[in-house]
Amino acid sequence: ILQSGFPARLAKGFKSRNVPLVFYLRNVEFEDLGGDLKEFSDCQFIANSEFTARKFDDAFGVKSEIIYPLIRPEMYQTETRRESVLFVNPHKHKGLDIALNCARACPEIPFTFQMTWTLSKEDLDELNSALATLPNVRVQARTQDMKQVYAEAKIVLAPSRWEEAFGRISAEAHINGIPVVASAQGGVPESVGPGGVLIDLSEPEETWSSALKRLWTDKAHYDQLVQASLDYAARPALQRDHQLDTLEAVLGRATSLADQ
């Protein structure tokens, strides 16, 4: 199973030895492939979203089985105090400018910025400068315990400017019935579904803050999206048994093809 590290290069060696091959496609940065996947159209492919599958089909003519990221609910499920808006990974690619604008426009709402990626000194200095004028934003250090992160979140803000292949944060939030306000970018609409609000990046800044304010203050609207997020988290495509059964079927097909 090849996932990263120039998989097309690795695949050539394995294929020449008749080793069964499965490509697991997890992003849409084609420059990371190390080759042309059209050479492997007789192999098996898995994609982490319908969006990813479409991108690779359009570019290389390969068909993929969809297996969403495997998320273990026990690692994320917690009692949620619903005290703040959570923005994970304050990086430019993740829509930091939108998150900062939302915090400025909503001084009455507390925000938590959860660090994940290591920021360059320049990016960190810019972030600290912006936060100096935003007393309603608290920055939380990186952690392996996402339970305590989601434990205080009422809303997750995911305004990514990057062409996300899926959007795992939304799926994790939904396990706790936390609605998501996110960009309609890449595979994010699949991960958010009915459990949140999707906003096109071309929309004006106030569209984001208005969506947050409504969720923060409109209990009926909020409760509706809480239930929708819980229902969406329970869909078969995100259940571990279904995902592993699908993976086993793909591996079986790959083995059969190699034996022919």
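Colleague: Where does Q3 sit?

Modeller: Q3 is in the segment before α1 (7-16). Helices are DSSP runs of H or I with at least four residues, strands are runs of E with at least two, and both are numbered from the N terminus. This is a predicted model, where local features need pLDDT of at least 70 and side-chain atom pairs count only at pLDDT 80 or more, while totals for chains, interfaces and linings use all residues. Residues are numbered from 1 along each chain as its sequence is written, and side-chain values use heavy atoms, with hydrogens and water left out.

Colleague: Thanks! And what does Q3 touch?

Modeller: Not counting residues up to four places away in sequence, Q3 touches Y24 and R26; contact means heavy atoms within 4.5 Å. Q3 is partly exposed, at a relative accessible area of 39%. For that scale, buried is under 20% relative accessible area, exposed is over 50%, and partly exposed is in between (1.4 Å probe, protein chains only).

Colleague: What about I1, buried or exposed?

Modeller: I1 counts as exposed because its relative accessibility is 53%. I1 also belongs to the segment before α1. Leaving aside neighbours within four places, I1 is in contact with V22, Y24, L247 and L251. A233, 232 residues away along the chain, has its C-alpha 27 Å from that of I1.

Colleague: And G5, how far is G5 from L198?

Modeller: Their C-alpha atoms are separated by 32 Å, and the two residues are 193 apart along the chain. G5 is in the segment before α1 too, and at 51% relative accessibility G5 counts as exposed.

Colleague: Let's change topic. Which residues of α2 are buried?

Modeller: In α2 (residues 50-60), the buried ones are F51, T52, A53, F56 and F60. Their cover includes β1 (22-25), β2 (44-47), β3 (65-66) and α7 (188-192). Just after α2, G61 has a positive phi of about 70°.

Colleague: Which residues other than glycine have a positive phi?

Modeller: Among them are N18, with phi near 60°, and N89, with phi near 75°. Most residues other than glycine have a negative phi. N18 is in the loop between α1 and β1, whereas N89 is in the loop between β4 and α3. N89 counts as buried because its relative accessible area is 4%.

Colleague: Now the inside. How many residues are in the largest nonpolar core?

Modeller: The largest nonpolar core has 31 residues, and those with the most contacts inside it are V85, F111, F113, I155, L157, V181 and L212. Such a core is a set of buried Ala, Val, Leu, Ile, Met, Phe, Trp, Tyr and Cys residues joined through side-chain atoms within 4.5 Å. At least two residues of this core come from each of β4 (84-88), α3 (96-105), β5 (111-114), α4 (121-131), β7 (153-158), α8 (205-217) and α9 (219-233). The most comes from α3, with 6 residues.

Colleague: What is V181 in contact with, beyond its sequence neighbours?

Modeller: Outside the four places on either side in sequence, V181 is in contact with I155, V156, L157, A158, P159, V197, I199, W208, A211, L212 and L215. There is also a second, separate core of 22 residues, including V88, I178, V180 and A233.

Colleague: Where is L225, and what does L225 touch?

Modeller: L225 is in helix α9. Not counting residues up to four places away, L225 touches P179, P194, G195, G196, V197 and L215. The C-alpha atoms of L225 and P179 are separated by 5.8 Å, with the two 46 residues apart along the chain. L225 counts as buried, at 8% relative accessibility.

Colleague: Last one, the whole chain. How many helices and strands are there?

Modeller: The protein chain has 10 helices and 9 strands. Of its 260 residues, 48% count as buried. Contacts between residues 24 or more positions apart make up 68% of those with a separation of 6 or more. The C-alpha atoms fill a box of roughly 65 × 40 × 35 Å, taken along the principal axes.
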